[in-house]
Amino acid sequence: MDERPVSLALKLMALTMFVFLLAPLIVVVPISFSGDSYMMFPPSSWSLKWYPAIFTDGKMTSAFWTSLLLAFVVTVLSLLIGLPAAYALVRLKPRGAEAMSALFTAPLLLPTIVLGLAILIVFSRYGLLATFQGLVAAHLVVTLPYAIRVLATALATLPIPIEEAAATLGASPFTVFRRITLPMMKSGLIGTTALCFLVSFDEVVLSLFMTGPRISTLPVAMYHHVEQQADPLVASLSVLLVILTLLVVLVVDRTSGLAKTFVK
Amino acid sequence: MTDRITAAAAGQAGEGFLSLKGLTKRYGGFAAVDNLDLEVPKGELVAFLGPSGCGKTTSLRMIAGLVPATSGRIVVGGQDLTEVPTHRRDMGLVFQSYALFPHMSVARNVAFGLEMRKVGKDEIARRVKEAIALVHLSGKEEHRPGQLSGGQQQRVALARALVVRPSILLLDEPLSNLDAKLRDEMRNEIRDIQKRLGITAIFVTHDQVEALTMCDKVVVMNQGRLEQVGTPVDLYETPRTAFVAGFVGRSNRLKATARDGVAEFAGESFAAQAGLSGPVEIMVRPHRVALSAAGADVTAGDHRVSGIVARTIFAGDILQYDVDVAGQIVSVELATRGGETVLQPGAAVSLSWRRQDVFVYGAAA
Ligand SMILES: Nc1ncnc2c1ncn2[C@@H]1O[C@H](COP(=O)(O)OP(=O)(O)O)[C@@H](O)[C@H]1O
Ligand SMILES: [Mg+2]
């Protein structure tokens, strides 16, 4: 890449942005090592006790497993639904493909609170509130637009002659898709997987509407925990989650290049 | 590989291995390919030659089954393939953009067609090795297409198409993305391989030199229509239309008027099609025109006109005069032998040529 001279003003602006974005970490990381029994910055004493405490908190561990399973199911479904949808939109180009594309991405433009309210009203009628299926359906509303978008872009940038070449060599349409199209979409698929997983795992607003005493996700459990007792446990948990997210991002970057996956 | 394909070719020799019958492709009201009739004998290399947009690629894609024909039939070896999907047509297509599989090594690219045909593992390994050697890429088996130069990618594309021994090899402007030197090299190589394997091939190009020098037969296309089919010699010596005369080789095209089958130009009469009247074009090739200084001994030739040298171009092997004859420029090309006097602009000259070197075409008014 060309090294272009960066003005001092731009450097300062970038620095300010970084400080602004990382500021929460500057507070949260020290608190996670606090020896106090409530959140205070800076802590008056230090200890590691809040990390093991996470794993003995039944609510947190069950919410973690719920969130993990939920994110997994939502991601798999997003791929299973998003891939054929993107293929139909980009390759089969039905009439009104563009209008449909816009419609599928519309949920991203609505405030999540509005979506949450709408889902609450509809789901309560079918007894889907505070159920795992209900959570899956609600999360799909936000992950599917991402999945369709990223996969459609990945498909649209594939050179069609490559698939045609495979067909002339004797590959049936399904074989072309499996042996040529899918592998060439690798970075789009990894990107979609990571994005859907993180969006679902991190989702708070919709989940707040959809959870209850019977079932809770990790972000919701953390929210309630802070409401009831302001101990540093959530800070330690947050640090673990940041590390987990970083790992996912690193894996994506290593396997397909982050910029290539998300910046088109 | 070579032996087997040659044997197969010998077994099925004869006319019309590939037949196109009234092949047509319309996009809305626009005919990209219009009623194409063609017979390609087994083992021939046939060029589709024409300017950009004349329907060459569309024709090729219809033959390969990548574009459905609006009407007409495609028959190969007696079997009607018009409705057969691409993957069952058994044709090799080399794309202008090469279209290699970027996520596979060279060897895997070449093996792909054999895997689709469920060829045994050992045989795949052997044939892939042979095909890669055939295009001089041994040692590059494990490279990815992205690590190869344009010329090398072209060779992989060729090997990938050839290794399955397709019934017909289709090449869509395979040399257009290569630089001049590589183009000459690949031209000879493709020709050699095609001859050696005895494979029936169609070579799409907009470059008349490629078409004339490589191919057994040339199909000249213009605006979706077939203008003329013939050997390179046929096309050059007896172009049937003004378009072919203009597109294949260099030519002088002189505007004139015909009355009752006789065209008049600069005081000379030229035989046109019987009964033809109206505007015509008189065509004669620059190097078929003899030139002598005015007043010199009469040059042999059936037609004689006189003019004034307007421009002299000395290009070493060729001496070109642009001569003003009755207000139109007639170019004359003379092979230099050394020692000739180079005439300067303004010199009066007389030009002559033989009857069989002149063609008169009715001009679109
Ligand atoms: N999918 C298409 N839709 C509409 N017009 C097309 C399509 N494909 C090709 N054409 C038109 O058909 C004509 C022939 O195209 P093509 O076969 O690619 O020409 P060539 O290969 O001789 O340059 C062109 O005028 C082109 O614009
Ligand atoms: Mg073309």
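**Strands, a loop and aromatic rings**

In this predicted model, Thr24(B) has Ser71(B) as its bridge partner in β4(B). That bridge belongs to an antiparallel pairing of strand β1 of chain B, residues 18-27, with strand β4 of chain B, residues 71-76, which runs over five bridges. β4(B) also pairs with strand β5 of chain B, residues 79-80, again in the antiparallel sense and over two bridges. Here Val75(B) is bridged to Asp80(B) in β5(B). Two residues lie between the strands of the β4(B)-β5(B) hairpin, and Gly77(B) has a positive phi near 55°.

Further along chain B, Leu276(B) sits in the loop between β13 (268-271) and β14 (278-284). Its contacts, leaving out residues up to four places away in sequence, are Ala258(B), Arg259(B), Asp260(B), Gly261(B), Val262(B) and Gly362(B). The C-alpha atoms of Leu276(B) and Thr257(B) are 9.7 Å apart, with 19 residues separating the two along the chain.

Over all chains, the whole structure contains nine aromatic pairs. One of them is Phe270(B) with Trp353(B): the ring centres are 6.2 Å apart and the planes meet at 15°, so the pair counts as stacked. Phe270(B) is in strand β13 of chain B and Trp353(B) in strand β19, residues 348-353, so the pair ties together parts 83 residues apart in sequence. Phe270(B) is buried, at 2% relative accessibility, and Trp353(B) is buried too, at 1%. In chain A, one aromatic cluster is formed by Phe64(A), Trp65(A), Phe197(A) and Phe201(A).

Charged side chains also meet rings in chain B. Lys42(B) places its charged end over the ring of Phe17(B), 4.0 Å from the centre. Arg285(B) lies over the face of Tyr236(B), 4.0 Å from the ring centre.

Definitions and conventions
Residues numbered from 1 in each chain as written. Chains lettered and ligands numbered in written order. Predicted model: local features only at pLDDT ≥ 70, side-chain atom pairs only at ≥ 80, totals over all residues. Heavy atoms only, no water. Pairing = 2+ DSSP bridges. Helix = DSSP H or I, 4+ residues; strand = E, 2+ residues; numbered from the N terminus. Contact = heavy atoms within 4.5 Å. Phe/Tyr/Trp six-rings, centres within 6.5 Å; stacked < 30°, edge-to-face > 60°. Buried < 20%, exposed > 50% of the residue type's maximum accessible area, 1.4 Å probe, protein only. Lys NZ or Arg CZ within 6 Å of the ring centre and 35° of its normal.
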